[in-house]
Structures are given as structure tokens and as C-alpha cells.
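Subject: A structure for you to look at

Hi there,

Here is the structure I promised to pass on. Have a look at it first, and then read my notes below.

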Amino acid sequence: MSSEESLSSTITGWLFVHSWWLLLPFIMLLVVAAFIVAFILLLYMISPLISPKPLKMNGAHVVVTGGSSGIGKCIAMECYRQGAFITLVARDEAKLIQAKKEVEKFAINDKQVVLCISVDVSSDYSQVESVIKQAQEKLGPVDMLVNCAGTSLSGKFEEVEVDRFKRLMEVNYLGSVYPTRAVITTMKERRMGRIMFVSSQAGQIGLFGYTAYSPSKFALRGLAESLQMEMKPYNIYVTLAFPPDTDTPGLVEENKTKPLETRLISETSGVFPPDQVAKIVVRDAVQGNFNSSVGTDGYMLSALTCGMSPVTSITEGLQQIVTMGLFRTIALFYLGSFDSIVRRCMIQREQSKAADKRE
């Protein structure tokens with residue numbers, strides 16, 4: 001063998017050996033990716049085995065507070081459409097009677113019943129306990145409680161009357177605590193049940209104009225997370241719903257006093273019909289899902305704010321892990337846009353005042 005052939009053979013051997021070392025990281029990356037894909041596919045396959053069994057709605061007794069209008073009424077309609085017995089709870093007796101007539105149109109059999117109870121769920125626990133007991137005597141134990149009673153208020157912090165902060169906490173928070181406290185003992189004895197708390201996207205992110213409203217909705221998250229940890233061993237599942245702006249009488253009333261900044265920020269996500277919201281949150285409650293969101297923005301917010309909240313399935317947890325970084329990046333642009341809206345409104349207001357003084 002000539003020296004040139006020997007040199008060529010040596011170089012070829014060196015390149016062969018070192019090319020493998022160069023390719024090794026890519027091969028390892030492919031192997032890791034293959035394992036991750038296989039692991040995710042396995043989790044998708046076993047996820048239904050560890051998720052809660054869906055609640056059978058046909059014949060179930062569903063209590064809906066705030067059921068005389070808006071999202072609450074649409075939730076009652078959706079449950080009734082699936083064969084449930086309904087107890088509507090609200091303050092306004094006239095609205096309750098009208099809501100009962102509307103809900104009854106969705107009956108699927110002649111055995112279904114809609115019961116109406118007029119009471120303020122935020123004022124006196126003993127009254128709430130009494131009416132829940134009456135409802136259970138007539139329609140049987142409560143299988144699902146939907147805490148939808150609530151009120152909204154928007155305004156600048158210093159312009160909101162102090163007593164309104166207290167009232168919002170009473171209605172939006174204690175108005176959910178009292179009915180839940182009234183049904184929980186029976187649910188634990190039966191080792192089954194669903195409890196839904198209807199919060200708001202304003203219960204996931206604090207926005208301009210919601211210094212009184214947002215805290216009352218944020219409070220529901222702490223209640224729901226703590227309660228789920230206590231109730232899970234008893235096969236009772238909590239759903240925390242975060243509906244967006246929804247076309248309801250409550251939104252119409254809120255818009256009357258909504259600051260310009262709040263209105264402009266709210267317009268970035270649009271308004272949803274209440275029947276669409278109801279279908280989604282009822283489906284999630286039936287499945288035993290902890291988080292219930294509506295729309296793309298709602299899904300992103302739920303993933304961003306999940307923190308230490310419970311997950312109902314491994315699939316849900318993986319989705320949150322995978323999307324967290326991307327959603328945080330998008331959220332930073334949203335926050336920048338919101339800050340820009342607030343600054344522009346402030347500048348316009350100051351310019352308007354200056355112009356008025358000159359005149």
C-alpha cells in the first residue's frame with residue numbers, strides 16, 4: 001500500500017469515527033423525542049381510566065342559584081334538556097316564575113319537575129339551609145349544585161362606594177359558600193356529587209375598573225381549590241367556571257357605569273351568547289373537570305393561571321405544561337396593549353381638561 005493510499009485510508013477512518021460523534025447529539029435528540037411522543041400517547045390512552053366517571057344527568061337533581069336569568073337560567077335549560085330535575089333559586093319571584101316556564105319547554109319526559117324557591121343566598125345561612133332542605137325533600141338529594149348567583153360592578157377604585165366592596169363579597173363569595181355548605185354533608189354521605197362555582201375571567205386577571213368585582217371572583221378560586229382537595233376522596237368534584245363577557249341582563253346593567261378603559265379592554269375578547277357558555281360549563285361539570293373556560297382567550301387564561309390548581313386528567317396537565325411558555329409570551333403583548341389603552345385614555349382626559357380650562 002502506497003503512502004498516499006495509507007493516508008487516504010487514515011483520513012477516511014478518522015472522518016467516519018468523528019462523523020458519528022457529530023451525529024450522536026441528533027440521534028439522542030430523536031430517541032428522546034420518540035420516547036416523549038410514546039409517553040404522551042400512553043398518557044392519552046390511560047387518561048380516561050383515571051378521570052372521574054361522568055355524572056348521569058337523566059333524573060339528577062340540579063340546584064341552580066341565580067337561575068332566574070342570564071347564564072344561570074341557560075344552565076338550568078341545558079340540564080333540563082338532559083333529563084335533570086331543576087330547582088331554581090333567586091330573589092325575584094316574578095322572574096323565577098317566568099324562568100320556570102322557559103325551562104319547562106326543554107323537557108324530554110313528563111316526569112321532570114322545575115321547582116322555584118325565592119331566597120337571598122347571601123344574607124342568612126339558616127334560610128339557605130332551610131330552602132335547600134325543602135328542595136331535597138321534594139326532588140331528592142342534590143346531585144349537582146350550580147352557584148351562579150352574583151352581581152357585577154365596574155368603576156374606578158376611589159369612585160366605588162365603600163359599602164359596595166362588602167356587598168360584592170357577600171353576594172359573589174358568601175352567596176356561593178352558603179348553598180355549598182347546605183348540600184355538602186348529604187353529598188359526602190352519598191359519596192357523589194358535583195359543585196360548580198361560576199366565577200369570571202375577571203377572577204383570573206385583575207383589570208382596570210374591577211377593583212371591587214375581581215376580588216370577589218378571585219375568592220371563589222381559593223374556595224374551589226381547597227374544597228376540591230377535601231371532597232375528592234368522597235367522589236365529589238368541583239368545577240370552577242370562568243365565563244367571558246356574556247350577553248346577559250347583568251352585562252347590560254354593568255355597561256351603564258363601565259369606565260372607558262374597562263370597555264375598550266373588554267372589547268378585545270368579544271361577547272358570547274349565554275346558551276353557548278351554559279353548554280360548555282355544564283359539560284365540564286358533568287365530566288368532573290376542575291377548570292371550565294370558554295373560547296380561545298379563556299383557554300389561554302386558564303392555562304396561564306392554573307398554578308397549583310387541580311387537574312382532572314393527565315392530558316390536561318400536559319397541555320398546560322406544553323403551552324405555558326407560548327401563552328405567557330402572548331399574554332405579555334396583551335398586557336402591554338391594556339397598559340397602552342389606559343395611558344391613552346388618561347392623556348386624552350388630561351388634554352380635554354386642559355382644553356376646557358383654556359376656554
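**What I found**

A word on the model: it is predicted, so local features need pLDDT of at least 70 and side-chain atom pairs count only at pLDDT 80 or more, while totals for chains, interfaces and linings use all residues. Residues are numbered from 1 along each chain as its sequence is written, and side-chain values use heavy atoms, leaving out hydrogens and water.

On the overall fold, the chain has eleven helices and seven strands (DSSP runs numbered from the N terminus: H or I of at least four residues for helices, E of at least two for strands). Of its 359 residues, 43% count as buried (under 20% relative accessible area; exposed is over 50%, partly exposed in between, with a 1.4 Å probe and protein chains only). Among contacts (heavy atoms within 4.5 Å) between residues at least 6 apart in sequence, 75% join residues at least 24 apart.

Glu-129 is partly exposed, because its relative accessible area is 39%. Its C-alpha atom is 5.0 Å from that of Ala-182, 53 residues away along the chain.

As for cysteines, Cys-306 is buried at 6% relative accessibility, and Cys-345 is buried at 5%. Searching the whole structure turned up zero disulfides (pairs of cysteine sulfur atoms within 2.5 Å).

Best wishes
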